[in-house]
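Please read the numbered points beside the sequence and the model.

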Amino acid sequence: MAAAAPSPDPLDVAAEATRGLRGLSTELTARLPRLLEAMRSLGDGPDAHTVLDRIVRTAAELVGASRAAIGVHHAVGDAAGGQGLADVVTYGETDTETDTETDRERCAELLADARRAGTPSDDRPPGPYLSVPLRVGEEVFGTLYLAGKRDGGPFTESDRHLVEVLATEAGIAIGHTRVQGATRQRERWIEGSVAVTQTLLSGGAGEGPAVVAEKVRELADAVVGIVLLPEEGDGGLKVAAVAADERSGLLGTVLPARSPAVPRLLAGQPVVIDDPAADPLLGTGVPGRYGPSLMVPLSSGERVVGVLATAREHGARPFTATERTLAAQFAAQAAVALVLAEAQRDRERLAVLEERDRIARDLHDLVVQRLFATGMLLESAERQSDAPEVRERIERAVEELGATIQEVRMAIYALQQTPPETPPGLRGRVLREVRAAAVPLGFQPSLTFVGPVDSGVGTATGAHLVAALREALSNAFRHARAERIEVVVDATGQLADGRPSVRLTVADDGVGVPAGGRRSGLTNLVRRAEALGGSSGVGPGLGEGGRGTAVVWEAPLPSEGA
């Protein structure tokens, strides 16, 4: 974990801040108390923007300026290549409540006037405008512009000296805040990497891409996180997981191999896109519905196992050089965790297969042989018996043993088969629940999916649906004494008020819900559905004359998103 940045030595701060006070005029000396009070008010802030807001306000009040602005330059390593302004902070008097648009208009006017007056210079005489560079160490972080003295006069040399001293202290405060912010940012990304690794290695390999996509969206302050995996055959990249507050429709989308971004990503190079709608790197595979975007390879050694992408909304700030570096480091750690989790899952599957093979051998070598030997003994006893009733009973017992041997052999065959791969997403989770229910039930329930179950049902709704399915299957096992169960997950349903919904139906041919019996399981289903704005109830089952029970659980789908 990165250590917190040390606070600057107060003596060093004082020496740096007062270096420009030598040889000041009597007028300027008389204004020193206000300057010192202004310097004291700067302090540190939770973020650089807060500190800049204090600086621009304090500078304007110190020299009596009616308007002020700070233009923060792009860092050289950022997407803008050091050109233009990364941020703008304004201060000014207005007769009405200032809104964002008014701020921007006033700021644009002030910066345009200040640029016409020239760039900051130590030997340029003050006038109706005053501009002073803000330095953090040797770097010019931004420029402080002031305009329009309240007394109507021009800015003086004393004003310049005051603002320069204030700018020196402001640079120190900004530098300290930036170090603290960078430290907190690194800590967040490191903690995110640790959380993803722990989740994947604790058994979450099957949902690995979704876990990584959700975490990168959170860490990057983005609106969407995406994991793309190599598409077999055509060499493109297919969207395997999407984390977003609204439905994106991106799941399953393929970024074709002809897209210029694909070779770069598969070669282990990141791709930074300021405007996906206009940038040719993406080709036509992914719509330009988002703003600044970042794509980094999920690399483990020399192997690229996928691509991690994240995007902000239109008009948001681009990804900085630091954020790109942190995202690349996070992706590298996530790739290692995904590979290790997959290897761990393979080992677990191998252990299960080996155990299944051992059980099959034991059944064949011990149980079947003993049953067969018992059958032979009974056949011998049948031949030696003269009583017809005894011979008939022995014959039935031999037939039963033969049927039992056949069932055991079928079980052995099933144990020796490789279990089918469970698909990812909500379909896979539902399939796992239905397969697991076959053990206590003694038979396999039928399962039907209707509509876009994986892409249409949100994460929270999906989790409740799986829990409701588990509850309904448990009720059928404990109470229904059913011989047949049908499960249907329909993502094309509709609630009574017209909203689209996902509907879960679990129907059986059992004894039905007894009058006056316990209904705690059904009550839990109702509570789950109502918590999501849906409903749950029971209807006639699959048996003759509607015998049995059909549990119908329904919840609304997320509203259509961009």
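**Note on the structure**

1. Glutamate 218 is partly exposed, with a relative accessible area of 42%; here buried means under 20% relative accessible area, exposed over 50%, and partly exposed in between, computed with a 1.4 Å probe on protein chains only. The model is a predicted one, in which local features need pLDDT of at least 70 and side-chain atom pairs count only at pLDDT 80 or more, while totals for chains, interfaces and linings use all residues. Residues are numbered from 1 along each chain as its sequence is written, and side-chain values use heavy atoms, with hydrogens and water left out.

2. Glutamate 218 forms a salt bridge with lysine 215, and the closest N and O atoms are 3.4 Å apart. The term salt bridge denotes a side-chain nitrogen of Lys or Arg within 4 Å of a carboxyl oxygen of Asp or Glu. Both residues belong to helix H7 (residues 208-219), where they are 3 residues apart, about one turn of the helix. Helices are DSSP runs of H or I with at least four residues, strands are runs of E with at least two, and both are numbered from the N terminus.

3. Does the length of H7 agree or disagree with expectation? At 1.5 Å a residue, its 12 residues should span 16 Å, and the end C-alpha atoms are 17 Å apart, which agrees; the expected span is 1.5 Å times one less than the number of residues. The buried residues of H7 include Gly208, Pro209, Val212 and Leu219. The buried residues of this helix pack against helix H6 (157-201), S5, strand S6 (237-244), strand S10 (303-311) and helix H9 (321-384), where contact means heavy atoms within 4.5 Å.

4. Just after H7, aspartate 221 takes a positive phi of about 50°. The value is noted as positive in a residue other than glycine. Aspartate 221 is placed in the loop between H7 and strand S5 (224-230).

5. The structure holds 13 of them. One joins the side chains of aspartate 454 and arginine 427 (3.9 Å, N to O). Aspartate 454 lies in helix H12 (residues 453-456) and arginine 427 in helix H11, so the pair ties together parts that are 27 residues apart in sequence. Both members are partly exposed: aspartate 454 has a relative accessible area of 28%, and arginine 427 stands at 29%.

6. Arginine 484 and glutamate 486 also meet through their side chains in a salt bridge (2.9 Å, N to O). Arginine 484 counts as partly exposed at 37% relative accessibility, as does glutamate 486 at 30%.

7. What is the strand order of the open sheet of 5 strands? The order is S11-S12-S13-S15-S14, with mixed pairing; two strands pair if DSSP finds at least two bridges between them. Strand S11 (446-450) and strand S14 (535-540) stand at the edges, each with a single partner strand, so one side of each is left without a neighbour in the sheet. From one strand to the next, the twist averages 15°.

8. Within this sheet, strand S12 (residues 485-494) and strand S13 (residues 500-508) pair in the antiparallel sense over 8 bridges. Valine 489 stands opposite leucine 504 in S13. Helix H11 (residues 425-441) lies across S11 and S12, running at about 165° to S11. Helix H13 (residues 459-480) lies across S12, S13 and strand S15 (549-556), running at about 15° to S13. For these angles, axes are lines fitted to C-alpha atoms, for helices over the stretch in contact, and the angles run from 0 to 180 degrees between N-to-C directions.

9. Strand S1 (residues 65-73) is mostly covered, with 8 of its 9 residues buried. S1 and strand S4 (residues 139-149) run antiparallel and are joined by 7 bridges. Glycine 71 has threonine 143 as its bridge partner in S4.

10. Threonine 50 lies in helix H4 (residues 48-63) and is partly exposed, with a relative accessible area of 27%. The C-alpha atoms of threonine 50 and valine 89 are separated by 9.5 Å, and the two residues are 39 residues apart along the chain.
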